[in-house]
Structures are given as structure tokens and as C-alpha cells.
Amino acid sequence: MIIVVKNTSDEGQVANLIDWVKDLGLDVHLSRGEHSTVIGLIGDTSKVDIDLISSLDVVEKVQRVGEPFKNANRKFHPEDTVIDVGGAKIGGDYFTVIAGPCSVESEKQIIEVANAVKASGATLLRGGAFKPRTSPYAFQGLRDEGIKYLLKAKEETGLPIVTELMSAFHIDLFKDVDVIQIGARNMQNFELLKEVGKTGKPVLLKRGLANTLQELLMSAEYIMSEGDSEVILCERGIRTFEPMTRNTLDLSAVPVLKGVTHLPIVIDPSHATGISKLVEPMSLASVGAGADGLMIEVHNDPMHALCDGAQSLNPEQFDLVMKKVKTMLPIVGKSII
Ligand code: PEP
Ligand code: MN
């Protein structure tokens, strides 16, 4: 981080600023030019409040030259992280498909969908037990019963399960869940992130509706700072001015994130578009962009789904998408395990 000091500042003010920086436990490198004085901060600046420094009278501007995330940073961990979830590998040269209904509706439904998506090549089963719904009157999920049915489906098919945790209050119910999903609305629920980080379980962290990629990485950092190294980032579309899709899929997130983090990145084309017909083209585009996987909503009867039917594929449509995805994988050097 570098601080450019206002050229109206006197020696005493600069010295005070340097003392203040040193009190933060940092070293400084002072460079006095003809027109400006620049202070380079040396050490771990991740805890430095950049806005506070900017607000000081003597400061012209402040610039970060390094990123404020360490654990998630590729600079300190150049190799791709590969996460093994019950034999399903996520990251590196692997491609993972997580599929299942928006919400678990019954034991029969989730087992039926689990069998279908497995037959098509999905490697993990998703299903919401606790649902974050905009309306308090909409179906909120089967809650603990939903988790029980997911575990039944796992027993039946062997597919590891992914399901969303909305409150630390429910964390004990998730002890047999393979991957804890943190939904878009909770991406910056920092207390919840710290709690999931303590479980040490793989976490699927979805990008918030209006969050930057840096904010997503900082949320991953919250989880990792608790000692949990298994975070999977998920781009699920962001809110823009475009009303013809539910959200706008930011596919450039894939190569951008790949450049700065070693964590795997999966795309959720279902929530990103909100329209089942768009799931296939966006899935194929995700493969092309270098994503490590997809998370797709699949329902046995989308017309009667209790949640997100319009964006859900039926098992036949999902099978078709999988066939096309599989033909593309050799081009990007990835394979499904
Ligand atoms: C979901 O995956 O079920 C979900 C609610 O997604 P998001 O948090 O991305 O809206
Ligand atoms: Mn959904």
C-alpha cells in the first residue's frame, strides 16, 4: 500500500503520519520527490483501514498494491486447489456437476431426481432444505426433514450432498452434510461465515446479488481464516438493469477469479438466468470460460415445483445438457470424476 502525501503538508505532519503507521505494526519506505512525498507501507496491510487513511488531512490518496486476501490468494498458493468430496473432485483438471431441485419436496422426489442426475453424470446432489425466499409466505423448505431426505438420497445413490445453511443456529443439523452452501443473501453474513469456517467442511460460497469479486474473495477469506481451506466459489449472476433475465451472468468472473485465486469456481446458470431454456447455452459457455463446474437445478416435474420451476430442467433436458458438456470438456482439458 502506498500513501501519497499532500504537497501542502509540512515535515511534522509527515512525521506524525509515519509514527501512526508504525504504531499499526508496519514499516515504511519514505520517498520524497520534487512535487510529492510517497510513503510505502511494508508488512501485512490486510488489517489497514484504507478509508480511514484516505480521510486524513495530510493524505492526497492511498492505493493498495497488494490484495487484502491472503489464504485465497494465488500468489501464496500457485497450484489450483482440488477439493475431494466423497470421491467427487472439484478444481484443477476436474469438472464437477452439482444437480438437483431448488428445494427438497419429499423423500420420493429427491430420490427420484438423485437417481436421474446421477445416471446423467452429476457428481453431487443439491437440494434446499432451508430456503431463503423473498416472501415470508412462500414455501420455506422442509428444514430438518429436508436434510433427512437428502441423506436418504445419498444413501440410495452414493452422491454427496450440498445444501444451504442460513443460520448458525441450525449448524448441528448439518453434521452429515458434505458441502455447506452459503447463499447469495448470506455472502456477507460474516458471523455465519466464521461459524462454517470452524466446521472444516467444504463450503460452496455463492456471490452476493450485488457484490464485487473482491468482496466474494474477502468472504472466502473469512471462512479460510478459521482454518477451513475448502471453499468453492460460485458465480450465480448479479443484479443489473437488465430485466429479461433473472440476473446477469458474469462469466468473466471465471478467468478473473482464476487469475487471483487458487479456489475452484463453479457457475450456477439456473439462478443466473432464471429461465430453463438459457441453462444449456450458459452451461456450455461456462465450460468454455474455464469454470470448474456447474450447479444446475433439476426437478422431476418443473411445472409443479414449489420453488424456481421456471429455471429448472427436467431430467431429460439435464441429460442433454450433460451430453453436450461432456463433448466440450476435452477441449478445455477437464474431466468429470
Ligand atoms: C439456491 O441455490 O438455492 C439459491 C437460493 O441460490 P442463491 O443464493 O444464489 O439465490
Ligand atoms: Mn432455486
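**Close-up 1. Residues where helix α9 meets helix α10 in this predicted model.** From α9, the residues in contact are Glu280, Ser283, Leu284, Val287 and Gly288. Their partners in α10 are Val321, Lys324, Val325, Met328, Leu329 and Val332. By type, the residues of this contact divide into 7 nonpolar, 2 polar and 2 charged.

**Close-up 2. The packing geometry of α9 and α10.** Two packed helices are described by the angle between their axes and the distance between the axes. Here α9 spans residues 279–289, and α10 spans residues 315–332. The angle is about 15°. The axes lie 9 Å apart. Angles under 35 degrees count as roughly parallel, so α9 and α10 are roughly parallel to each other. The crossing of α9 past α10 is right-handed.

**Close-up 3. The buried side of helix α5.** This helix runs through residues 190–199. Its buried residues are Leu192, Leu193, Val196 and Gly197. Why do they sit on the same side of α5? They cover an arc of only 140° around the axis, and that puts them on one side of the helix. Among the elements covering these buried residues are β10 (179–182), β11 (203–206) and α6 (213–224).

**Close-up 4. The exposed face of α5 and the residue after the helix.** Which exposed residues does α5 carry on the face turned away from its buried side? They are Glu191 and Lys198. Gly200 follows α5. The phi of Gly200 is positive, near 75°.

Note on methods: Residues are numbered from 1 along each chain as its sequence is written. Chains are lettered from A and ligands numbered from 1 in the order in which they are written. This is a predicted model: local features need pLDDT of at least 70, side-chain atom pairs count only at pLDDT 80 or more; totals for chains, interfaces and linings use all residues. Side-chain values use heavy atoms; hydrogens and water are left out. Buried means under 20% relative accessible area, exposed over 50%, partly exposed in between (1.4 Å probe, protein chains only). Helices (H or I, at least four residues) and strands (E, at least two) are DSSP runs, numbered from the N terminus. The arc is that of the directions from the helix axis to the C-beta atoms. Contact means heavy atoms within 4.5 Å. Axes are lines fitted to C-alpha atoms, for helices over the stretch in contact, and angles run from 0 to 180 degrees between N-to-C directions. Angles under 35 degrees count as roughly parallel, over 145 as roughly antiparallel, 65 to 115 as roughly perpendicular and the rest as oblique. A crossing is left-handed if the near helix is turned anticlockwise from the far one by less than a right angle, and right-handed if clockwise. Ala, Val, Leu, Ile, Met, Phe, Trp, Tyr, Cys and Pro count as nonpolar, Asp, Glu, Lys and Arg as charged, and the others, Gly among them, as polar.
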